[in-house]
Each structure stands twice: as structure tokens, then as C-alpha cells.
Amino acid sequence: MVTSSAPGKVYLFGEHAVVYGEPAVPCAIERRARVTAERRGDDKLRVNATDLTLDGFTVEYDGDATGTPDVDVAEPLLEEGMGYVNEAVEQARDAADAPDAGFDVTIESAIPLGAGLGSSAAVVIAAIDAATRELGVELDAAEIADRAYRVEYEVQDGQASRADTFCSAMGGAVRVEGDDCRRIEDVPNLPFVVGYDGGSGDTGALVAGVRDLREEYDFAADTVAAIGDVVRRGEQALAAGDLEELGELMDFNHGLLSALGVSSRTLDAMVWAAREGDALGAKLTGAGGGGCIVALDPDDGTETALRYTQGCESVFRAELDTEGVRVEP
Ligand SMILES: Nc1ncnc2c1ncn2[C@@H]1O[C@H](COP(=O)(O)OP(=O)(O)OP(=O)(O)O)[C@@H](O)[C@H]1O
Ligand SMILES: C[C@@](O)(CCO)CC(=O)[O-]
Ligand SMILES: [Mg+2]
């Protein structure tokens, strides 16, 4: 039995545009998904997701993933909940050359689902690591990231970047531009505050929406390119440790994402509350549509402002997690 964990993330800059080859800077945060994999005597896959927002569920699949779930949950929800885990286990079987390996998989995650904090990437990274180790194979973090990217690409219908999965595997702040993925060293202390509206967005649908706009309007394509410009400028501000400028650029990045139609009333409300609470800057994080915003604030003004904002369900500080995927004792 092996348990591995991997962190969620916030985007300092660049979500969505990264899908079209612009650079992005996601940062791992100290909120983890823990996945335990235990080899079974047969080729079945049994998944126990204790704190999925569907109140937890258990599903038993046979080797080709066509078995009948033993719980009474709507089919689409199950499919969605199972897709990532299934594909992650397939990657582990492939890496260990054990096509018939069956597993009992248990997921415990502190990362809200579909809220822009990279729950899918964290679950997939931890699952690949735990399942391959259980089969006696140790992959390095870069290979786990690469395999997890293939899972996200598959489940998100061929529209995914390497950003979330690379960040979760490596930890820290990273820079991703197409296939070029690297860690950013010597990042200043980034005082992240996260506001969560309790909702979620559909990553696949939101990415498809941006793609359609981009194809329809040149100015939407220009907006995506402008996000790339913000990110490049942001990298300089990050290297200089200039938090004021980082904040200003986060505000700009949010405006551009909003123009691309991926914000929402509550995300906007939280962004404005953060700014009125004297945040250095604030933006939505991840796919958008609902879920989380991230603000930069070394003081407690943003937290206080968000606590009094209608639609904001919880507020927390998020520390940069310099550690990526790891085995848990
Ligand atoms: N605790 C969990 N147990 C099982 N599956 C999970 C868990 N957390 C996430 N998932 C899977 O990840 C999916 C959510 O992924 P999605 O990409 O939509 O959102 P996200 O990764 O949280 O946000 P974003 O990609 O915007 O950062 C869920 O529908 C589920 O399939
Ligand atoms: C919206 C997106 O850029 C980030 C989702 O966390 C999609 C992706 O990069 O795969
Ligand atoms: Mg995701």
C-alpha cells in the first residue's frame, strides 16, 4: 500500500492563454490531494473518493472500466469523477508494464473540486505516483507530470496545457510555455489570499468558449496574446520582487479573462472586494466560471473584506508549497 500526495495551485498569471502557447505562471499551494493505491488480487479498480463533493462514493470497475458502479449516483457525475482516476491508473499500468494490475484507490483531498485550484491535476499526479510505486516502479517528477498531462488532455477532450500538472508535480512557482516547463527559482514571498464562492466551473466548456471567441474575433485572439504580454511583464516583476507591479498586472490579467467571458458575477464581486480591501491585485484563478479568486495582500484587509462579501463562502491564506509530489508515511 502506498500513499502519495500532490499540491493544488493558483495562477499568478496566464490561465487559458497557456492553452494557445502563451506562457503562464502557476504556483503550488499548501493544499494537497492524498491518494492511496493498494494492489488487488484481480484486475479490478475500486475507487473510494471520501470527500468528493458528491458526498463521497465508491465505484468498482473491471479491467476495461465498463463495470457497474455499486452506488446510486447520477451517471454523468460518476463518469466525471472516475475519468481522471481511471486514466491515471492506465498510465501507471503502462509505466510499470502491468496491464492487468488491479487497485483499491482511496482519495482524500483538501482541494475544492472544479474551483480553479487544480484538483484534477493534484489527484492525477498523486494517483500515478502511488500506483506506480505500488507496482515497484519509481518515476521521476518530470515523467509523472508528462503522463498526468496526457490524462488531462484525454479527459478535457484534447484541450489542456501542461501548466497544472507540471506545477503539481514539481511544486513551487513554475513557468510553462507550450512544452517548455521549468521551475522558477528565488521567488519572493507571495502573500496569497484565496476567496472561494463554493461553486465550480466546467473546465472543458470554458476552454471551448475561449477557443470559439478566438476563432470568431481577431480582437479575442489579440486578448489572448495580450495575456501573454502581461505574463512576460509579470515574470520581470517577479524576478525583481516587485509585489506592487505584480498586483497591478494581476488586475489587468483579470480584466482580460473577464473580456474572454470566463469570469462570473461572484468572481467579479470577490475580485472587487479584494481590491477595496487594499489587495495589491486580484484575479480569478484557473478555468473560471465560478470557484476561486486569488489576491495578493501582506495585510489582513483582503481577508476581512472577503469575509463580508456576499457570495464568498470561505477565505484562506495560501502559502507557496515548494514541494511537489511526495510519498506520505
Ligand atoms: N477528491 C477528488 N476525488 C475524486 N476526483 C476528484 C477529486 N478532486 C477532483 N477530482 C476530479 O477532478 C475534476 C475537477 O477537475 P477540473 O479540471 O474541472 O477542476 P479543477 O482542476 O479543480 O480546477 P482548474 O482545472 O480550473 O484548476 C472532478 O470532476 C473529478 O473528476
Ligand atoms: C484553463 C486552463 O488554462 C487552466 C485550468 O486550471 C486549462 C489548461 O491549462 O489546461
Ligand atoms: Mg483541472
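Student: Which helices each supply at least two residues of the shell around ligand 2?

Tutor: α4 (163-170) and α5 (203-216) do. Helices are DSSP runs of H or I with at least four residues, strands are runs of E with at least two, and both are numbered from the N terminus. Keep in mind that this is a predicted model, where local features need pLDDT of at least 70 and side-chain atom pairs count only at pLDDT 80 or more, while totals for chains, interfaces and linings use all residues. Residues are numbered from 1 along each chain as its sequence is written, and chains are lettered from A and ligands numbered from 1 in the order in which they are written.

Student: How many residues surround ligand 2, and which are the closest?

Tutor: There are 13, with Glu15, Ala160, Ser161, Gly286 and Ala287 the closest. To be near, a residue needs its C-beta atom, placed from the backbone, within 6 Å of the molecule. Six of the shell residues are nonpolar, five polar and two charged. Here Ala, Val, Leu, Ile, Met, Phe, Trp, Tyr, Cys and Pro count as nonpolar, Asp, Glu, Lys and Arg as charged, and the others, Gly among them, as polar. Domain 1 (2-184) and domain 2 (192-318) each give at least three residues to that shell; the bounds come from an automatic or database domain assignment.

Student: Why is ligand 1 said to lie between the domains?

Tutor: Both domain 1 and domain 2 give residues to the shell around ligand 1, so it lies between them. That shell has 23 residues, and the closest are Ser109, Ser119, Ser120, Gly286 and Ala287. α1 (75-96), β5 (103-109) and α2 each put in at least two. By class, it's 10 nonpolar, 10 polar and three charged.

Student: What is the contact between domain 1 and domain 2 made of?

Tutor: 29 residues of domain 1 touch 34 of domain 2, where a contact means C-beta atoms, placed from the backbone, within 7 Å. On the domain 1 side, β1 (2-13) and β2 (25-39) are the elements giving two or more residues. That side has 16 nonpolar, seven polar and six charged residues. The C-alpha centres of the two domains are 24 Å apart.

Student: What makes α2 oblique or perpendicular to α3?

Tutor: The axes of α2 (residues 119-134) and α3 (residues 141-155) come within 9 Å and cross at roughly 125 degrees. Angles under 35 degrees count as roughly parallel, over 145 as roughly antiparallel, 65 to 115 as roughly perpendicular, and the rest as oblique. So α2 is oblique to α3. The α2 residues in the contact include Val124, Ile125 and Ile128, facing a set in α3 that includes Ile144, Ala148 and Val151. Overall, seven of the contact residues are nonpolar, one polar and three charged.

Student: Why do α3 and α4 get a label of their own?

Tutor: Their axes come within 8 Å and cross at roughly 150 degrees. That makes α3 roughly antiparallel to α4. The crossing is right-handed, as the near helix is turned clockwise from the far one by less than a right angle. Ala145 and Tyr149 are among the α3 residues involved, and Phe166 and Met170 among those of α4. The contact has eight nonpolar, one polar and two charged residues.

Methods. Axes fitted to C-alpha atoms, helices over the stretch in contact; angles between N-to-C directions. Contact = placed C-beta atoms within 7 Å.
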